[in-house]
Amino acid sequence: MSEKTTALDTRIANHEIANEITKEGAFNRQKNRFTTPFGNQPGELPVEAGRYRLLWAPIRPWAHRAVIVRELLGLQDVISLGTTSPVRTENGWEFSLDEGGVDPVLGIRYLPEIYAETDPEYTGRATVPTVVDVTTRQVVNNDYFRLTNYLETAFKPFHKEGAPDLYPAELRAEIDEFNDILFHEVNNGVYKAGFAQSQEAYEQAYDVLFARLDQLEERLSKSRYLFGDRITDADVRFYVTLVRFDSAYYSVFRTNRNRIIDFPNIWNYAKDLYQTSGFGDTTDFYAIKRGYQLGNHADNPYQILAKGPDLSIWNEAHDRAEKFK
């Protein structure tokens, strides 16, 4: 653990209900604190290999999508990766999986330590993904909404040969517009339902979520991916919600009108992505189940982990390649 601070003596919140529930009982996610972009312009974060460490929890969808993009683009040796335990503790995300219970590069036990070291006055949650500049030991970016875009553009000089163009210039405006809707109604929509503290707020989020899923089911009846025959940043963002839905959101967050396997097009699309390198091999279902079902938002006093669902179905054949050849 860092000698400068411990998680226990920080002012950092470690649960969404601390500052993110409105008086009407609706969940209003906090804004990101560290949003400086990566680039080569004055005031931007310099793009250098080996300078940054990406901290993530396999349970969290925002963090997972950054890891997927890192894999797809071949940035594993450019940006190092630190992994927390899937169950958030009362002191925040914990590096209990590492030897000695500390991150091997930063030497911290709890994620809030590096936030407090960076900004002792910070009172929000310490979130994943977090990008730390290892040369300064400072949190430099936790902007989950734009992070994958920075990996796709600013870090392009370090992309592996043949890396996919996940954020093509000619589609960026459309992808940005789509991603904004996807975030508010689906990615964050499940959390709006799950963290709601009033029936009205829950039902509003629930209805918006499934109305949008119905529309996406129709959209995916016409193309293999969200933007035609190529995987884009939008697919990464949709996938991370889909892969958590039946194992976690359906029960823990009460988003139970349908399971993902009940949407024929979305389900085959999700299997298609899962079976694509970079997606399924970065998906840890055990961590996802533990994080949501045993975490401090699960209302599970006896810490019982659900036995299902059957995860083998993710490897069953899908119809996407044949349907859209």
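This is a predicted model: local features need pLDDT of at least 70, side-chain atom pairs count only at pLDDT 80 or more; totals for chains, interfaces and linings use all residues.
Gln303 lies in the loop between α9 and α10. Gln303 has a positive phi of about 50 degrees, although Gln303 is not a glycine. Is Gln303 buried or partly exposed? Its relative accessible area is 43%. Buried would require under 20%, and exposed over 50%. Gln303 is therefore partly exposed.

The peptide bond from Gly308 to Pro309 is cis, with omega near -5 degrees. A cis peptide bond also joins Val128 and Pro129, where omega is about 5 degrees. Pro129 sits in the loop between α2 (111-118) and β3 (130-133).

Arg254 brings up phi again. Its phi is near 60 degrees, a positive value in a residue other than glycine. Look for Arg254 in the loop between α7 (233-252) and α8 (264-274). At 38% relative accessibility, Arg254 counts as partly exposed.

Now turn to helix α9. Why is α9 described as largely enclosed by the rest of the structure? Eight of its ten residues are buried, so the rest of the structure largely encloses α9. Among the buried residues are Phe285, Ile288, Tyr292 and Leu294. Lys289 and Gln293 are buried as well. The cover over these buried residues includes α1, α5 (189-194), α7 and α8.

Helix α1 (residues 61-73) holds Ala66. Ala66 is buried, with a relative accessible area of 1%. Which residues touch it, leaving aside neighbours within four places in sequence? Ala66 is in contact with Leu54, Leu147, Thr148 and Leu151. Tyr144 is 78 residues from Ala66 along the chain, yet their C-alpha atoms are separated by 7.9 Å.

Pro46 gives another pair to look at. Pro46 is found in the segment before β1 (52-56). The C-alpha atoms of Pro46 and Ala63 are 21 Å apart, and 17 residues separate the two along the chain. Beyond its sequence neighbours within four places, Pro46 is in contact with Gly39, Arg51 and Tyr52. Pro46 counts as partly exposed, at 30% relative accessibility.

Next come the charges. The structure holds 16 salt bridges. In one of them, the side chains of Glu71 and Arg70 meet at 3.7 Å, N to O. Arg70 counts as buried, at 7% relative accessibility. Glu71 is partly exposed, with a relative accessible area of 24%.

Another salt bridge pairs Arg212 with Glu185, at 2.6 Å from N to O. Arg212 lies in helix α6 and Glu185 in helix α4 (residues 172-187), so the pair ties together parts that are 27 residues apart in sequence. Glu185 is partly exposed, at 23% relative accessible area.

Arg224 forms a salt bridge with Asp272, the closest N and O atoms being 2.8 Å apart. This pair links distant parts of the chain, 48 residues apart: Arg224 is in the loop between α6 and α7, and Asp272 is in helix α8. Arg224 counts as partly exposed, at 22% relative accessibility. Asp272 counts as buried, at 3%. Salt bridges that share partners also join Glu48, Arg51 and Asp133 into one network.

Finish on the surface. Where does negative charge gather in a patch? Glu24, Glu200, Glu203 and Asp207 form that patch on the surface. Asp207 belongs to helix α6 (residues 199-219).

How values were computed:
Residues are numbered from 1 along each chain as its sequence is written. Side-chain values use heavy atoms; hydrogens and water are left out. Patches are made of residues with over 30% relative accessible area and no salt bridge: like charges are joined within 9 Å, nonpolar side chains (Val, Leu, Ile, Met, Phe, Trp, Tyr) within 5 Å. Accessible areas come from the Shrake-Rupley method with a 1.4 Å probe; for residues, only the protein chains shown count as cover. A salt bridge is a side-chain nitrogen of Lys or Arg within 4 Å of a carboxyl oxygen of Asp or Glu. Lys and Arg count as positive and Asp and Glu as negative; His and the chain ends are not counted. The place of a charge is taken as NZ of Lys, CZ of Arg, CG of Asp or CD of Glu. Helices (H or I, at least four residues) and strands (E, at least two) are DSSP runs, numbered from the N terminus. Buried means under 20% relative accessible area, exposed over 50%, partly exposed in between (1.4 Å probe, protein chains only). Contact means heavy atoms within 4.5 Å.
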